Amino acid sequence: DPSTMDEAFTPDGVMMDNCGPHAGMPSADGRRRMNGEAEVAGFGNAAVDYKLKDWGISRQRYWGTPIPIIYCDECGVTPVPESDLPVTLPEDVEFTGRQGSPLDRVESFVNVECPRCGGAARRETDTMDTFVDSSWYYLRYLSPHDDQAAFEVDAARYWMPVDIYIGGITHAVMHLLYFRFFCKVLRNFEMLSVDEPVLKLLTQGMVLMGGTAMSKSRGNIVDPDEMVARYGADATRIFVLFAAPPERDFEWDEGGIEGCSRFLSRAWTLVSEAQEALQAADNCENQSSDDLPEELARLRRKAHDTTRRVTEELHRRLHFNTAVAALMELINECYAATSELPVDKAGDHIWVYRDTLERFAQMLAPFAPHTAQELWEILGRQGYILDSPWPSYDPDALLTDRVSLAVQVNGKLRGRIEIPSGLADEAAILDAARSEPNVAQHLEGVTLLRTVVVPGKVVNLVVKK
């Protein structure tokens with residue numbers, strides 16, 4: 001009943017009784033029928049009305065690209081001759097804040113000769129919206145020195161599309177929309193061979209303070225120069241990358257920078273204290289991994305597994321935070337190994353420490369380039385660490401003779417056991433689980449109802465008091 005409705009019903013439904021011959025029809029069918037009848041009768045026709053309107057690209061301001069047009073009373077609208085391009089903005093401009101373009105008041109810029117008749121003419125003083133430039137700048141990167149065209153078609157055919165675009169959510173509605181439209185127009189002109197300019201978009205999150213985005217107007221900003229002065233550029237940078245995945249917002253926490261600073265200090269201390277012994281172990285290649293002490297075998301596995309994890313996180317998922325976490329774990333493993341076997345006591349096996357720390361420095365470089373370069377030099381390496389090849393990992397180095405299983409009692413973690421890799425004897429696994437001291441304590445005075453063994457992962461013991 002329309003009299004009881006607060007607003008019009010907009011979804012599809014059924015045509016009402018007062019719709020004449022269309023009454024009772026599905027509304028989508030009724031609209032098509034009525035549009036057809038109106039067109040046949042000559043008083044109307046169907047049309048699509050887009051929310052997106054024409055883009056007025058001219059701006060009445062100084063900055064921006066000048067529009068190369070001249071107006072002549074005799075010749076009309078005349079383009080600036082190619083020989084006179086580019087049109088450059090004058091520097092003797094007065095910015096008064098008055099209405100209109102400041103270029104309108106620069107007579108030396110405005111008043112020119114008509115390139116056709118030589119008579120008095122007037123230059124266009126509007127400049128283009130800066131979105132015009134940002135809609136195709138990526139193509140100019142491919143041909144920055146070409147003075148005959150906007151870009152080389154062959155170069156664009158070779159390089160396009162862009163692999164990944166990283167930008168803020170505030171760009172989504174305007175810039176990225178125009179960015180795609182330009183690509184499609186250039187495709188229609190056969191200047192591009194792709195339909196979309198980019199394969200993947202990553203929209204990074206914002207840094208929050210008190211639950212809201214940092215803003216000068218709110219006064220909730222942190223001066224990065226102050227953080228750099230206090231903790232260093234690398235610690236500040238690592239914190240921002242470590243705090244959250246790049247697509248998520250995160251709350252600013254100065255304590256997090258302190259933790260990142262401690263991480264870098266621990267790495268620095270480890271390498272510095274072992275500098276003399278490590279530099280003596282120059283060759284990390286073609287070293288045998290046979291008969292390694294257990295602590296170094298574990299460290300080597302961790303080093304290669306960290307290389308695998310960091311490589312995948314950076315190249316496939318762009319999850320910098322988990323890559324940094326993996327590097328932190330590797331430094332912890334290094335300290336655990338040195339507590340059992342100091343670097344200067346490792347003898348012929350010292351190459352494991354050197355290889356591990358060189359890998360660490362190379363993988364740290366994208367996150368903390370200054371610290372990584374210093375570590376590289378302490379390790380006796382020459383040149384820039386960023387010029388060194390990215391470390392690879394040996395799948396065989398990831399194999400282990402034993403695996404660790406979590407042991408749960410009624411779903412709560414009560415201990416861990418290590419068993420031979422590939423052990424399939426469920427009874428032997430359960431015996432090892434029940435023998436673990438803390439687990440055995442939780443099995444006293446209860447009845448074991450059921451056991452669940454997930455190979456390679458967990459043992460769960462279901463009990464009843």
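Colleague: Which residues of helix 7 meet helix 9?
Modeller: This is a predicted model. On the helix 9 side, the partners are Glu254, Ile257, Glu258 and Ser261. On the helix 7 side, they are Met227, Arg230 and Tyr231.

Colleague: How many charged residues does the contact of helix 7 with helix 9 have?
Modeller: Sort the residues by class. Three are nonpolar and one is polar. The charged residues number three.

Colleague: At what angle do helix 7 and helix 9 pack?
Modeller: Two packed helices are described by the angle between their axes and the distance between the axes. For helix 7 and helix 9, the axes are 11 Å apart. The crossing is right-handed. The angle is about 35 degrees.

Colleague: Is the crossing of helix 9 and helix 13 left-handed or right-handed?
Modeller: Helix 9 covers residues 254–273, and helix 13 covers residues 351–364. Their axes come within 12 Å and cross at roughly 145 degrees. The crossing is left-handed.

Colleague: Which residues of helix 13 make the contact with helix 9?
Modeller: Helix 9 brings Phe263, Leu264, Ala267, Leu270 and Val271. The contact residues divide into eight nonpolar, no polar and no charged. From helix 13 come Leu357, Phe360 and Leu364.

Colleague: Which residues of helix 8 are buried?
Modeller: Helix 8 runs over residues 233–242. Buried means under 20% relative accessible area. What covers the buried residues includes helix 7, strand 11, helix 9, helix 12, helix 13 and helix 14. The buried residues are Asp234, Ala235, Thr236, Ile238 and Phe239.

Colleague: Where is proline 161 found?
Modeller: A cis peptide bond joins methionine 160 to proline 161. Omega is about 0 degrees there. Proline 161 sits in the loop between helix 5 and strand 7.

Colleague: Does glutamate 190 count as buried or exposed?
Modeller: Glutamate 190 lies in the loop between helix 6 and strand 8. Its phi is positive, near 65 degrees, and the residue is not a glycine. Relative accessibility is 67%, and the cut-off for exposed is over 50%, so glutamate 190 counts as exposed.

Colleague: What is the relative accessible area of asparagine 410?
Modeller: Asparagine 410 is in the loop between strand 12 and strand 13. Its phi is positive at about 55 degrees, although it is not a glycine. Asparagine 410 is partly exposed, with a relative accessible area of 43%.

Colleague: What radius of gyration does the protein chain have?
Modeller: Take a compact globule of 465 residues. Its radius of gyration would be near 23 Å. The C-alpha trace of this chain spans about 95 × 75 × 50 Å along its principal axes. The chain's radius of gyration is 34 Å.

Colleague: What share of the residues counts as buried?
Modeller: The chain has 16 helices and 15 strands. It exposes about 28500 Å², and carbon and sulfur atoms supply 51% of that area. Of the 465 residues, the buried share is 36%.

Terms used
Residues numbered from 1 in each chain as written. Predicted model: local features only at pLDDT ≥ 70, side-chain atom pairs only at ≥ 80, totals over all residues. Heavy atoms only, no water. Axes fitted to C-alpha atoms, helices over the stretch in contact; angles between N-to-C directions. Helix = DSSP H or I, 4+ residues; strand = E, 2+ residues; numbered from the N terminus. Left-handed = near helix turned anticlockwise from the far one by under 90°. Contact = heavy atoms within 4.5 Å. Nonpolar A, V, L, I, M, F, W, Y, C, P; charged D, E, K, R; others polar. Rg over C-alpha atoms; globule rule 2.2 N^0.38 Å. Buried < 20%, exposed > 50% of the residue type's maximum accessible area, 1.4 Å probe, protein only. Areas by Shrake-Rupley, 256 points an atom, 1.4 Å probe, with all protein chains shown as cover.
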